[in-house]
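Here are my notes on this model, point by point. Please read them with the structure open.

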Amino acid sequence: MKTTAAEILATFSPQGIIIEMIGPDQPVLRIAPIEDCGPGDLVFADKPEFVAMAVASHPTVVVTSGKMKAQLSAVEGLTLLLAPNVGLAHALIKQRYAGRQFDDADWPQVHPSAVVHETAVLAATTVVEPRAVIGRNVRIGERTRIMSGVVIEHDVQIGNDTVVHPNAVIGYGCIVGHESDIGSGVVIGSEGFGFAWDKTGKTYTIPQTGIVILEDRVRLGANCCIDRAAYRTTRIGTGTKLDNLCHVGHNVQIGENCLLTSMFCVAGSTTIGNRVMASGQTGILDHMKICDDVVLVHRAGVTGDIEKPGVYAGLPVQPLKEYLRNTAVFRILSEMRQRLLTLERRDGSAK
């Protein structure tokens, strides 16, 4: 990359991402971690402990907050770009100047080894890499990239500016929105888990004939599985991000801008609100309802509806403060039991 501090300011000041530049305009050659940087580098610093690193390593430009302005402006030769939200500035600046360049793979627009059905409609700027398979009546938007080994079954729709990484599968009839990122090995529209039994206990599949809809800016990490609905839709809302190895059951409805980390698993027909966050290995039973602005931590196991925003933990889930109190007591249960037995013996002998 090659840019300048002033260019970054001009690019991001209209949105309020960068609000001020302190120091001279200087060239920026690389975005680097503050632990491993040097002259020509731009770094991000939002914690006081980063000041000493900046002094020792001599980066050229630091994106920082107003709270750290005084500490860093005293560093000689340093240009500061002030951001109200350093994390957001990090995301947007790195996206623009140092994100992955998919064109570096240098494949032709549609590789000769790809199999594209004659009825599929690909935008003029769609890229299809080697050995991808694109089925009947598929519609793919502008600047979308279908990477090597991807299988897209018939009647799928994919929006603009989406990347489908190697060996992902998008099942028939499913819909993927704009600016989405589908990780390697993801399966969208896998068969939902629905069965019936006869009197002998033999199981019979209930065909799952619905679809999956991913709205815009959805990210699915590697090896996620999203089951198609039994009849209508499994839906993941705009801006929601799933980490690697997550499972979403049939008919699940997930809201907007949720962050769901690795091994998150939700069973069928559950509804999850907007801005829900879940730490690793969170599990949610079927037919649950979780309201907006809930945070699930410590391998939370949701066995009942959650109707109030807040932080919840444990199995079954409890409000975090209650969970921490109960956990503290649990650690000394054996000692408390021994004390109780001692008191009972004393009481018995006194009688």
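1. A cut-off comes first: a residue counts as buried under 20% relative accessible area, as exposed over 50%, and as partly exposed in between. Keep in mind that this is a predicted model. Leu-333 has a relative accessible area of 40%, so Leu-333 is partly exposed.

2. Where does Leu-333 sit? Its place is in helix α6, which covers residues 333-350. Leu-333 also belongs to a nonpolar patch on the surface, together with Val-329, Ile-332 and Met-336. The accessible area of these four residues together is about 310 Å².

3. Now Asp-41. Is Asp-41 buried or exposed? Its relative accessible area is 5%, and the limit for buried is under 20%, so Asp-41 is buried. The residue lies in strand β5, residues 41-45.

4. What does Asp-41 touch, beyond its neighbours within four places in sequence? The contacts are Arg-30, Ala-32, Asp-36, Pro-59, Thr-60 and Val-61. As for Pro-24, it is 17 residues from Asp-41 along the chain, and 15 Å separate the two C-alpha atoms.

5. Strand β7 spans residues 79-82 and is covered on both faces. Thr-79 and Leu-81 are buried on one side. Leu-80 and Leu-82 are buried on the other.

6. Which strands pair with β7? Strand β2 (residues 20-22) runs antiparallel to β7 and is joined to it by three bridges. In that pairing, Glu-20 stands opposite Leu-82. Strand β6 (residues 61-64) runs parallel to β7, with four bridges. There, Val-62 stands opposite Leu-80.

7. Setting aside residues up to four places away in sequence, Ile-188 touches Val-169, Ile-170, Gly-171, Cys-174, Val-176 and Ile-182, among others. The list also includes Val-212, Leu-214, Leu-220 and Ile-226.

Terms used. Residues numbered from 1 in each chain as written. Predicted model: local features only at pLDDT ≥ 70, side-chain atom pairs only at ≥ 80, totals over all residues. Heavy atoms only, no water. Patch = residues over 30% accessible without salt bridge, like charges linked within 9 Å, V, L, I, M, F, W, Y side chains within 5 Å. Areas by Shrake-Rupley, 256 points an atom, 1.4 Å probe, with all protein chains shown as cover. Salt bridge = Lys/Arg side-chain N within 4 Å of Asp/Glu carboxyl O. Helix = DSSP H or I, 4+ residues; strand = E, 2+ residues; numbered from the N terminus. Buried < 20%, exposed > 50% of the residue type's maximum accessible area, 1.4 Å probe, protein only. Pairing = 2+ DSSP bridges. Contact = heavy atoms within 4.5 Å.
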